[in-house]
Amino acid sequence: MRKATSNVLHSVTQRHWPLKIRTAKYSTPPLSKDTYKIKRGNFASLTDKDINVFEGIVGKTRMLTDVSDVEAYNVDWLHSVRGSSQCVLKPKTTEEVSAILKHCNERRLAVCPQGGNTGLAGGSNPVFDEVVISTSLMNKIISFDSLSGVLTCQAGCVLEQLESYLLEQGFLMPLDLGAKGSCQIGGNVSTNAGGLRLVRYGSLHGTVLGIEAVLANGEVINCLNKMKKDNTGYHLKHLFIGSEGTLGLVTQVAIHCPVSPKSLNVAFLGLDSYEKVLEALKSSKKDLGEILSSCELMDRTSIQAVEENLKLRVPIKDCPFYMLIETSGSNSDHDEEKLSQFLENALEKNIIVDGIQASEPSRIKQLFEVRERMAEALLLDGFLYTYDVSLKPQDFYSIVPTTREHLKNVPGVMRVTGFGHFGDGNIHLNITSKEYSKEIMNNIEPFVYEWTSKFGGSVSAEHGIGLKKTGAVHFCKPPQAIQLMHQIKNVMDPNGIMNPYKVLPAINSA
C-alpha cells in the first residue's frame with residue numbers, strides 16, 4: 001500500500017465542470033415537447049404588457065428577452081432537453097419573487113424556477129415558453145450561528161461559495177457534489193441532492209432545518225425554523241425538499257452544518273471482483289465506523305472514459321473495480337491508524353489487490369477528481385444517457401452488466417458504465433453514443449426502470465424526477481400515493497403554473 005502524507009489537513013477542491021461542458025460545442029438538442037410528446041398546458045402566452053410588468057419588478061438589466069441571451073437557460077448542460085422560453089427574470093429578493101409569481105398566477109403564465117442548471121433530469125429547464133425565474137442573484141449569506149452551526153442563506157448561493165465561507169468559520173457543508181462550483185443551494189434542496197457526504201451526514205431532509213418559499217399565488221411561506229427539534233404540526237418544509245419547484249419556489253434555506261474535520265484521509269483501492277467490493281464495504285463500516293465519511297465505487301469502463309477523454313490517470317494498476325474511501329475526524333493519528341489498519345486487513349484477506357492512501361490536500365483533490373469528473377468524461381463521448389437509481393448492495397452493480405447485455409446488439413452504443421455512492425446504495429448507470437439515438441433510448445427505457453423496480457430499488461435516488469422520469473414514478477409509487485401528490489399540487493398550485501410537466505405523472509399512467 002503506497003502512502004502520501006502531509007501536515008496540511010484540508011483544502012477546498014475547485015470543481016466547475018458543468019460550466020465547462022456548457023460552453024463546449026454540441027449540436028442543439030430537439031425540443032423537449034417533441035422528444036417526450038408533451039401537449040402544452042392551458043397557459044397564457046407572454047405579451048408586451050407582461051414584459052412591462054416584469055420590468056417594473058426587476059428592471060431592464062435583470063430581465064433577458066434576447067434569443068441569444070435566453071438560450072443558455074432553455075438548454076440543460078447535458079444538451080439533452082430544450083425549451084423555448086422568451087423571458088428570463090433574475091430577482092434579488094423574496095419580495096420580487098412574490099410579485100413575479102403573483103402576476104404570473106393571475107395571468108396563468110407558466111414559470112420554470114432555475115438555479116445553477118446542473119440537473120440531470122430536465123427539471124430546471126422550460127418545456128414550452130415558461131417564464132424562467134433564475135435565482136442566481138439571490139446569493140446572500142444571511143447569518144451563521146457558530147454555536148448551533150446553523151447557516152441561513154438565499155437560495156441562489158453557490159454550494160462551493162458556502163463551503164468556502166464555512167471553512168473560514170471552522171465548519172463544513174453537509175452536502176458535497178461534483179457540480180459544487182455551479183449548483184445552488186436552492187436547487188440542491190429542491191431536488192433533495194445527495195452527493196458524496198450523505199453516508200456521514202444524511203440527506204437534506206435531516207440537515208435542512210427551515211425553508212422560506214413563495215407559493216404560486218405569491219404568498220410567502222416562512223418556515224425558517226432554526227431548531228433541530230420542532231414538533232409543532234405538519235413539517236411543511238419537507239414538501240419543498242425534493243418537489244423541484246412544482247409546489248413553490250424556495251427563496252431561503254436554514255441548514256445545520258457540522259464542524260469541519262481536523263483530519264482527512266483518502267484511500268483509492270483496486271479490487272478484482274464485485275464479491276470483494278461487498279467485502280470491502282462490510283469491512284469499511286466495521287473497521288472505520290464513526291470516521292467513515294464517503295464510500296464511492298467505480299468500474300473499469302468509467303475509469304477508461306476518464307483516462308481517454310480527460311487524460312487523467314489512476315495511480316494504481318488496472319482492476320475491474322475501484323473504491324474511493326474517505327475518513328474524516330478530529331484526531332489525525334487516530335484516524336490514520338484506523339485507515340491503515342483497515343487497509344492492512346483488506347490486503348491480508350485478499351479483499352483488495354492494490355491501493356494508495358493520502359492525506360495531503362493536493363493528492364486528495366487528484367484522487368477525487370477522477371471520480372467527480374466521470375460524467376464530464378462520459379459526455380465527451382458524444383451523447384450521455386444517464387440514470388440515477390438506488391439498489392441494495394447485493395444488487396448495486398448487477399444493473400450494469402445486465403444493461404450491457406441487453407444493449408449488446410443495439411447499434412451505436414459505445415459504453416455502458418456504472419459508478420456511484422456505494423455507501424448509500426446510489427448508482428449512476430451511464431450509456432454513451434456518438435449522438436442521440438431514439439433506438440438506443442427505446443431500448444434503455446423502460447427496461448432500466450422495470451429492472452430497478454423488480455429488485456426493489458428506486459428509479460430516482462438523488463437527481464429528482466424532473467421531466468425525464470415522470471413516466472417512471474409508478475414503478476416506485478402506488479396509484480394512491482400518486483393521487484395524493486396530485487391533490488397536494490392542486491391545493492398549493494391550483495392553476496398549475498409552477499414548473500409544469502415535471503415530477504408528477506399523469507394519473508391514468510399509474
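UniProt positions are given here in the numbering used for this structure, and its annotations may be inferred rather than shown by experiment. With that in mind, the unreviewed UniProt entry lists residues 81-260 as "domain: FAD-binding PCMH-type". The model discussed here is a predicted one.

The domain assignment divides the protein in its own way: domain 1 covers 32-134, domain 2 covers 141-256, domain 3 covers 261-372 and domain 4 covers 382-495. Between domain 1 and domain 2, the contact takes 14 residues from domain 1 and 17 residues from domain 2. The C-alpha centres of these two domains lie 23 Å apart. The size of an interface is often given as the accessible area lost when the parts come together. For domain 1 and domain 2 this buried area is about 1200 Å², with 62% of it on carbon and sulfur atoms. Zero salt bridges are found across this interface.

Helix 4 spans residues 67-74, and Val70, Tyr73 and Asn74 in it are buried. These residues lie on the same side of helix 4, because they cover an arc of only 95° around the axis. An α-helix has 3.6 residues a turn, so residues three or four places apart point the same way. The cover over the buried residues of helix 4 includes strand 2 (63-64), strand 3 (88-89), strand 4 (111-114) and strand 5 (131-134).

Arginine 108 lies between helix 5 (94-107) and strand 4. Its phi is near 60°, a positive value in a residue other than glycine. Arginine 108 has a relative accessible area of 32% and is therefore partly exposed.

Salt bridges come next. Side chains of opposite charge can pair when their charged atoms come close. The whole structure holds 18 salt bridges. One of them joins the side chains of arginine 40 and aspartate 129, at 3.1 Å from N to O. Arginine 40 is in the loop between helix 2 (32-35) and helix 3 (48-58), and aspartate 129 is in the loop between strand 4 and strand 5, so the pair ties together parts that are 89 residues apart in sequence. Arginine 40 is partly exposed at 28% relative accessibility, and aspartate 129 is partly exposed at 21%.

Arginine 373 and glutamate 369 form a salt bridge of 3.0 Å, N to O; arginine 373 counts as buried at 17% relative accessibility, whereas glutamate 369 counts as partly exposed at 25%. Lysine 489 and aspartate 493 meet at 2.8 Å, N to O. Here lysine 489 is buried, with a relative accessible area of 11%, and aspartate 493 is buried at 1%. Salt bridges also link Glu163, Asp176, Lys180 and Arg197 in a network.

Isoleucine 255 lies in strand 10, residues 249-256, and counts as buried at 0% relative accessibility. Leaving out residues up to four places away in sequence, isoleucine 255 touches Gly149, Val150, Leu151, Met173, Pro174, Leu204, Thr207, Val208 and Leu209. Its C-alpha atom is separated by 7.9 Å from that of lysine 226, 29 residues away along the chain.

Valine 314 is placed in the loop between helix 12 (300-310) and strand 13 (321-329). This valine is buried, at 13% relative accessibility. Beyond its neighbours within four places in sequence, valine 314 is in contact with Phe268, Ile303, Glu307, Tyr322 and Val370. Tyrosine 274 is 40 residues from valine 314 in sequence and 19 Å from it in space, C-alpha to C-alpha.

Proline 446 is in the loop between helix 17 (438-444) and helix 18 (447-454). Asparagine 499 is in the segment after helix 19 (479-492). Although not a glycine, asparagine 499 has a positive phi of about 45°. Asparagine 499 counts as buried, at 1% relative accessibility.

How values were computed
Residues are numbered from 1 along each chain as its sequence is written. This is a predicted model: local features need pLDDT of at least 70, side-chain atom pairs count only at pLDDT 80 or more; totals for chains, interfaces and linings use all residues. Side-chain values use heavy atoms; hydrogens and water are left out. Buried means under 20% relative accessible area, exposed over 50%, partly exposed in between (1.4 Å probe, protein chains only). Helices (H or I, at least four residues) and strands (E, at least two) are DSSP runs, numbered from the N terminus. The arc is that of the directions from the helix axis to the C-beta atoms. Contact means heavy atoms within 4.5 Å. Domain bounds come from an automatic or database domain assignment. Buried area is the accessible area (1.4 Å probe) that two parts lose on being put together, summed over both. A salt bridge is a side-chain nitrogen of Lys or Arg within 4 Å of a carboxyl oxygen of Asp or Glu.
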